[in-house]
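Subject: Structure handover

Hello,

Here is the structure I said I would pass on. My notes on it follow below.

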Amino acid sequence: MASTILQTGAFVLGILGVAALIASTAMDNWSSQDRQGDVVTAVYTYKGLWRNCEVSTSGFTECRPFYGLLGYSGSFQAVRALMIVGIVMGVISGLISLFSLKCLRMGNMEDSPRGKMTLTAGIMFMVAGICGIAGASIYANQIVANFMSTMYNSNSGGMMGQMGGIGGMGGNLIPRYTFGPALFVAWIGGALVLLGGILACVAYKGLQPEKTNYGAVAYKAPSHHNATVQHIANEEGRRDQKYV
């Protein structure tokens, strides 16, 4: 019963986490323009993994996709790759976890193969969760580095270069950027998938058949009838020898 609850909980958490990873990867606001301490401008900018968006004071939003693969830093490309790998691993492990559920009847499948499938799904869930958390953390580190660099250059009167680390646009006066909502969605999704993988690995132990420390040996005692027949046969053999 406990293993069934753990299995179901792992599946639900894993699916919710994968959905959060998909949503965060598709969202455009991984980094948002920091308005604190800045001069009010007519354009508000936020950035995602796939495109740049600007919102004017009139409410009109214009987004420009990031074309090509070679114009961005390695860390930015690594974030994209980690999120995609996490989503793919999460979807595959979700399907494996679905077919391994004890509450889902599939022929005469026993607990042992279900346990192996649950363990496989759990490991893949954990890998997917780590990929999602790592991708969001790398992007957050780039935001912090560029924020501190922009702050230093603003205080010293310098000019900022191109913010290629997070897919930014070049310019002379580049605004500062802070964490966007998509980052927190990615962190929460990665944590849910990781927790689902841990629960699946714990459920695997409960699905394994119990093993005894000793082997049973079958012993069949001779019946009283067989012993009597053998005694009579021995007596007849002795009589034959005596008359011979």
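How many residues does the hairpin that joins β2 to β3 pass through? The hairpin passes through three residues.

Before the rest, some ground rules. This is a predicted model, in which local features need pLDDT of at least 70 and side-chain atom pairs count only at pLDDT 80 or more, while totals for chains, interfaces and linings use all residues. Residues are numbered from 1 along each chain as its sequence is written, and side-chain values use heavy atoms, with hydrogens and water left out.

Overall make-up

The protein has five helices and five strands; helices (H or I, at least four residues) and strands (E, at least two) are DSSP runs, numbered from the N terminus. Along the sequence they follow the pattern α-β-β-β-β-α-α-β-α-α. Of the 244 residues, 33% count as buried, where buried means under 20% relative accessible area, exposed over 50%, and partly exposed in between (1.4 Å probe, protein chains only). The protein exposes about 14,600 Å², and carbon and sulfur atoms supply 65% of that area; accessible areas come from the Shrake-Rupley method with a 1.4 Å probe, and for residues only the protein chains shown count as cover. Among contacts (heavy atoms within 4.5 Å) between residues at least 6 apart in sequence, 68% join residues at least 24 apart.

Helix α1

Helix α1 covers residues 2-26, and its 25 residues should span 36 Å at 1.5 Å a residue. The expected span is 1.5 Å times one less than the number of residues. The end C-alpha atoms of α1 are 36 Å apart, which agrees. Its buried residues include Phe11, Leu13, Val18 and Leu21.

Strands

Strands pair if DSSP finds at least two bridges between them. β2 (residues 43-47) and β3 (residues 51-56) pair in the antiparallel sense over five bridges, and Tyr46 stands opposite Cys53 in β3. β3 is also joined by five bridges to β4 (residues 61-65), again antiparallel, with Asn52 opposite Arg64 in β4. The hairpin of β3 and β4 has four residues between the strands, and Gly59 in the turn has a positive phi of about 95 degrees.

Core

A nonpolar core is a set of buried Ala, Val, Leu, Ile, Met, Phe, Trp, Tyr and Cys residues joined through side-chain atoms within 4.5 Å. The largest one has 20 residues, and Trp30, Leu49, Met83, Tyr139 and Leu183 have the most contacts inside it. α1, α2 (74-99), α3 (111-156) and α4 (181-206) each supply at least two residues of this core; the largest share, six residues, comes from α3. Leaving aside neighbours within four places in sequence, Met83 is in contact with residues including Leu21, Trp30, Leu49 and Ala186.

Aromatic pairs

Rings of Phe, Tyr and Trp (its six-membered ring) pair if their centres lie within 6.5 Å; planes under 30 degrees apart count as stacked, over 60 as edge-to-face and the rest as tilted. The count by this rule is six aromatic pairs. In one of them, the rings of Phe76 and Tyr139 have centres 6.5 Å apart and planes at 50 degrees, so the pair is tilted. Phe76 lies in α2 and Tyr139 in α3, so this pair ties together parts that are 63 residues apart in sequence. Both Phe76 and Tyr139 are buried. Phe179 and Trp187 form an edge-to-face pair, 6.0 Å centre to centre with 75 degrees between the planes. Phe179 is partly exposed, at 32% relative accessible area, and Trp187 counts as partly exposed at 25%. Trp30, Phe66, Phe76 and Tyr139 form one aromatic cluster.

Regards
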